[in-house]
Amino acid sequence: MTDTLSDQLTLELAQRAAALLRGLGAEIPDPGDLPVRTPITGGRLLTLRTDTLAEAEAAITRADAAFRAWRTVPAPGRAAVVRRLAELLTTHRTELGELVTLEAGKIGAEAVGEVQEMIDICEFAIGLSRQLYGHTMPSERPGHRLMETWHPLGVVGVISAFNFPVAVWAWNTALALVCGDTVVWKPSETTPLTALACHTLVRRAAVDVGVDPEVHQLIQGGSEIGARLVDDERVALVSATGSVRMGRIVAPRVARRFGRCLLELGGNNAAVVTPSADLELAARAIVFAAAGTAGQRCTTLRRLIVHADVAGPLLDLIERAYLQLPVGNPLDEGVLVGPLINAAAHESMRGALERALDDGGELLCGGERVEIHGDDAYYVRPAIVRMPAQTAVVREETFAPILYVLAYHDFDQAIALHNAVPQGLSSSVFTTDQREAERFLAADGSDCGIANVNIGTSGAEIGGAFGGEKQTGGGRESGSDSWKAYMRRATNTVNYSTELPLAQGIQFG
C-alpha cells in the first residue's frame, strides 16, 4: 500500500476512533504529549495529554477519600455498580470491541470476546458479593466463639498491559469494587483510548445507581506515573500485569513500604504431545494458542514438546494450517492474524529468530514480514522453528508468534523440558492415556499455575483463578477465591460467658 493510501486509511481510522469514543460517552481530551497509534497502519489516531505527577497524586487522594464511605456500603449494595457496568458493556459490546481492534490490533472476534470476558467477570462479581465467606472455628475456651471475617482493603492500583487492554482491568475492578475497594487505573500508554472508554462507562454506572463516581480513577502516562502509584502508601494493593522486568521493579518497591502486590508477569507456555494424542485435535488447539493475537498473549503457546514418534505427522498438520492463516488488517473479514503492536515487537521477533537459527534451529515456516498498510505497520507470518535443544532463546519469552518445537522420547524427559524455564503460567498435555494426564496434573508434573489436558494454553475461563508461578509472579486474578487478594482478614474471638479463661489453659493472677 502506498504512503498516500496508508495515510488515508489512518485518517479514516482516527475519525472512527473519535466517533466510537463519543458514542461511548467519553470526552476526548485536548491534544497533548501522548500520541495514540494504531498498529493497523502505524499511524496516529489521536494525541492525548498525560497526567502530571500532581494530578496522579490528586487521583489517589480522591480514591482514598471515596474509600472511607465505600467500605461501609454492604457488599450486595456495592454490586449494583458492577451490575450496571455489565449492562453498559453489553449495550456497547460491539463499539468497545472495535476500539480494542483499532488500538491493540486484535481481530474482531478476539476483541469482542475480550469485552464479553468483562461482562462475564462482572456477573461473577455480582454473585460473589453475597459470598465473601469467612469461617467459624471451634474455640478451645468454653463460652467463646472463634471466627474470621473479611473487610475491604483500601485503594487498589491497577497497572495493565496493551495486549488485554480492557479484560484484565475488569478482572481487577469488578472484584475490587464488590470487595469494597476503590480503584486507580494506570493503563498501558499504548492503549489509552480503551481505558478512557472504560473509565467513562464505570463512572457512568456509578452515577446511574447513585454511587460516588470517585470510586474509580484513571491516570494516564508512562512509567513515572506508574511509579507514583507503586510508591504511594495509601495504595494498599498494586495489581500489575506486564513483563518480568517490570515485576522486578514493582515488587521490591511495594514491599519496601509493606504494601501488597498481585503480579501477572511473563509466560513461556508449553504443550506436551504424547504418542496417544488425538493429533487433529491437538493441531487445532496448537495453531490457535500459538498464532492467535499474533502471539501477543501471556498465555500464547511458545514451546511444543512432542514425542519423536508423532512429531512428523503433527508438524505436517500444523505447517499446513500455518500456511493457510490469513494475515492482514484485523478489521477485514476472514483475517485471523493481525499486526504486532509496534516496531519494537517486530525487532524482538527478528532477533529471537536469528538467535534460534544460530543455535542450530531449523525454520520450518513463517517469520517473514508481510507488507500491509505501509512501512509503519508490522505484520508477520507466524513462525515454527524446530530446535535441537532448549537453548537460552527458547527459555526466554518473546512476545511474538514463534513456536519452538522440541522432540522427546520419554514422558519424564518431557516434563523436565517443560519445567526447565523460569516462567510458570500456562501449560497443556495432549494425551488419551489417563496415567499421563494425571501425572501432568500431579505435584511432580507441570509446575505452572494453569495446567490443561487436551486443550491449548490460552483461553482461560473467568471461573478459575488465573495466574502462574516462578517468574510469572505468583498472583491470582479472576475466579475461584481470588477475591481474597482484595480484602483483609480479621480473626475474631467473642466471649459470651461470664468467665475469662485464657488460651492454652494459662493461669494468671
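This is a predicted model: local features need pLDDT of at least 70, side-chain atom pairs count only at pLDDT 80 or more; totals for chains, interfaces and linings use all residues.

User: Which residues of H14 and H15 make the contact?

Analyst: From H14 you have Phe-411, Asp-412, Ile-415 and His-418. H15 brings Glu-436, Arg-439 and Phe-440. Sort them by class and you get three nonpolar, one polar and three charged residues.

User: At what angle do H14 and H15 pack, and how far apart are their axes?

Analyst: H14 covers residues 411–419 and H15 covers residues 434–441. They pack at about 30 degrees, and their axes are 12 Å apart. Angles under 35 degrees count as roughly parallel, so H14 and H15 are roughly parallel to each other.

User: And how should I read the pair H3 and H4: what is their angle?

Analyst: Helix H3 (residues 75–91) meets helix H4 (residues 93–104) at about 75 degrees, with the axes 4 Å apart. The range from 65 to 115 degrees counts as roughly perpendicular, which means H3 is roughly perpendicular to H4. On the H3 side, Leu-89, Thr-90 and Thr-91 make the contact, while H4 supplies Arg-93, Glu-95 and Leu-96. That contact splits into two nonpolar, two polar and two charged residues.

User: Which residues line the largest cavity?

Analyst: Among them are Ala-104, Gly-105, Lys-106, Ile-107 and Glu-110, along with Thr-293, Gln-296 and Pro-339. By class, the lining has six nonpolar, four polar and two charged residues.

User: What about pockets? What is the volume of the second largest pocket?

Analyst: That pocket comes to about 470 Å³. It is lined by 21 residues, and the closest to its centre are Pro-29, Asp-51, Leu-196, His-199 and Leu-218.

User: Which elements give two or more residues to the lining of that second largest pocket?

Analyst: Those are helix H2 (53–70), helix H7 (192–208) and strand S7 (216–218). As for the classes in the lining of the second largest pocket, you'll find eight nonpolar, five polar and eight charged residues.

Key. Residues are numbered from 1 along each chain as its sequence is written. Side-chain values use heavy atoms; hydrogens and water are left out. Axes are lines fitted to C-alpha atoms, for helices over the stretch in contact, and angles run from 0 to 180 degrees between N-to-C directions. Angles under 35 degrees count as roughly parallel, over 145 as roughly antiparallel, 65 to 115 as roughly perpendicular and the rest as oblique. Contact means heavy atoms within 4.5 Å. Ala, Val, Leu, Ile, Met, Phe, Trp, Tyr, Cys and Pro count as nonpolar, Asp, Glu, Lys and Arg as charged, and the others, Gly among them, as polar. On a 1 Å grid over the protein atoms alone, a cavity is a set of points where a 1.4 Å probe fits but cannot get out, and a pocket is an open set with protein on both sides within 12 Å along at least five of seven lines; lining residues have an atom within 4 Å of a point. Grid points are joined across faces, edges and corners, and a volume is the space filled by probe spheres set on the points.
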